[in-house]
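Here is a walk through one protein model, from charges over rings to pockets. Keep the coordinates open as you read.

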Amino acid sequence: MKKYITIGAVAFLTLFGCTDDFEEINTNPNEPEVVSSDLLLSTVISTLATTAADASGWDRGNIVAQLTAKINFTGFDRYSWGSESGLWNTYYGILPEINIILENARAEESRNTSYEGIALTLRAYVFANLTDNYGDVPFSEAIRGIEGNFTPAYDTQEDIYEGILTDLSTAEAQLALGQPILGGDVLYGGDIEKWRKFANSLRLRYLMRASNRLEGGFVSIEMASILDSGIFIATNEDNGAMVYPASTQIDSWPISTGRIGGFDEHRMSETSEATLKQFNDGRLEAWFQPTDNPEDDPTLFVGLPNGLSEDAASTFNGGASNVSRLNQAFFYDSPNSVKAAIIQAAEVHFIFAEAFQRGLLSGGEAEVFYNEGVRLSFEYWGVDQDVPSYLTQPGVAYDGELETIITQKWLASFLVGLEGWYDFRRTGFPSAIVPGLNNTNADRVPVRFLYPDSEQTLNGDNYQAAVSRFGGDDINTKGWWEN
């Protein structure tokens, strides 16, 4: 018994007698409590870029903007939209990591103005997607669970846009201070000037989106300031587009790692077929391939009408083999051909073209920016198009009409999130977008997603307050910036 007491006493003294280095001894160096910004940043960028190209662009954006159509599982194409939790969860799920980067960048011991600017830019982009998809959403009280707030209030879309534009302005100013980006930048490889252009280009996007509601003088001053500075995405080398390394399935273009049946569900739409053929547009062959019956006509491209029922879609034109698939060599067989684009130079030029056309910017440069936007889109997709000849065609040649600009912007939005849908909601163009024959929404194109069902059960009071304020949780309830 004495022996056991002695052993116990020694053990007690060993564990608790010397406590000066207790915390250090019991800290696992392989499991740090604070994750560095560079490690988080790569995850945030890859998540947001892939969401733009895949979950938003491929699965939803191209479909609702009628750049492509569904031949199987046609519910989304018919506007049979239920609760949309996928995008909601992705965006709110990545916000805590962005917030950690922001807090690290602002902390005295790890101050870094460039990481602060990047975090503010990405946060603004996330909230813009959330509010453009759903309307009023938690913003000022979002991600405050650590403070015990698990039922955040919903902010109005107008207030959210004010915050977005403020964040992007602050972001560019912080990036301009030039503090080095120390790692994790899988978008621009640490190039601060390109991040400044990215922040300003997003600011142009959101200024234009809200231009029908914001005070005109403010929009004009902000846009003119960015244009005069020259700090915006002007070339495809500056695009906010992530390249997939494709060293493993994890860092490859996601569609290339899925089943061929899932890839084949997406086909060329009748809407894009008509436009691309009318304009003798080389993007037709870049994006799509002829039907599977080359003995009939090896150059035959056939589009599928949007919004057909399952039976009507699967039997259209005699069956799936007689409808053009997307370019399999590019979009499926290659794991690194597709870039995950958040914003491109073509879009920025079309924004400036519209700004001049509408008088938001003074001068006669609308045609110059429009023509360059068209050229940049062909360049981005590697299409060898005779652009000067293309630009002389009726329907393409700049004629001072907004629909001409938006139609080319719509084509350039292929696989860029939901941008084509947002512009259609804002302008009504292209007018060729009409609800399909078997749509389930009373011949209306939806203008928002439904809140996740979980919001009704977990945040019911704030959900009800928001729904009452803006007119109902309905896919046809317009947002603040829409016509």
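The charged end of R448 sits over the ring of Y451, 4.8 Å from the ring centre. R425 likewise lies over the face of W421, at 4.5 Å from the ring centre. A charge sits over a ring if NZ of Lys or CZ of Arg is within 6 Å of the ring centre and within 35 degrees of the ring normal.

A word on the source. This is a predicted model, where local features need pLDDT of at least 70 and side-chain atom pairs count only at pLDDT 80 or more, while totals for chains, interfaces and linings use all residues. Residues are numbered from 1 along each chain as its sequence is written, and side-chain values use heavy atoms, with hydrogens and water left out.

Next, the rings. The structure holds 44 aromatic pairs. Rings of Phe, Tyr and Trp (its six-membered ring) pair if their centres lie within 6.5 Å; planes under 30 degrees apart are stacked, over 60 edge-to-face, and the rest tilted. Take F232 and F352: their ring centres are 5.0 Å apart and their planes meet at 70°, so the pair is edge-to-face. F232 lies in the loop between α8 (216–229) and β4, and F352 in helix α14, so the pair ties together parts 120 residues apart in sequence. Helices (H or I, at least four residues) and strands (E, at least two) are DSSP runs, numbered from the N terminus. F232 counts as buried because its relative accessibility is 9%. F352, at 0%, is buried too. Buried means under 20% relative accessible area, exposed over 50%, and partly exposed in between (1.4 Å probe, protein chains only).

R358 lies in the loop between α14 (345–357) and α15 (366–380). Is R358 buried or partly exposed? At a relative accessible area of 30%, R358 is partly exposed. R358 touches M208, S211, N212 and R426, not counting residues up to four places away in sequence; contact means heavy atoms within 4.5 Å.

Last, the largest pocket. About 800 Å³ of space lies in it. Of its 26 lining residues, the closest to the centre are P96, A142, I143, R144 and G145. A pocket is an open set of points on a 1 Å grid over the protein atoms alone, where a 1.4 Å probe fits, with protein on both sides within 12 Å along at least five of seven lines; lining residues have an atom within 4 Å of a point. Volume is the space filled by probe spheres set on the points, which are joined across faces, edges and corners. Helix α4 gives the most to this lining, with seven residues.
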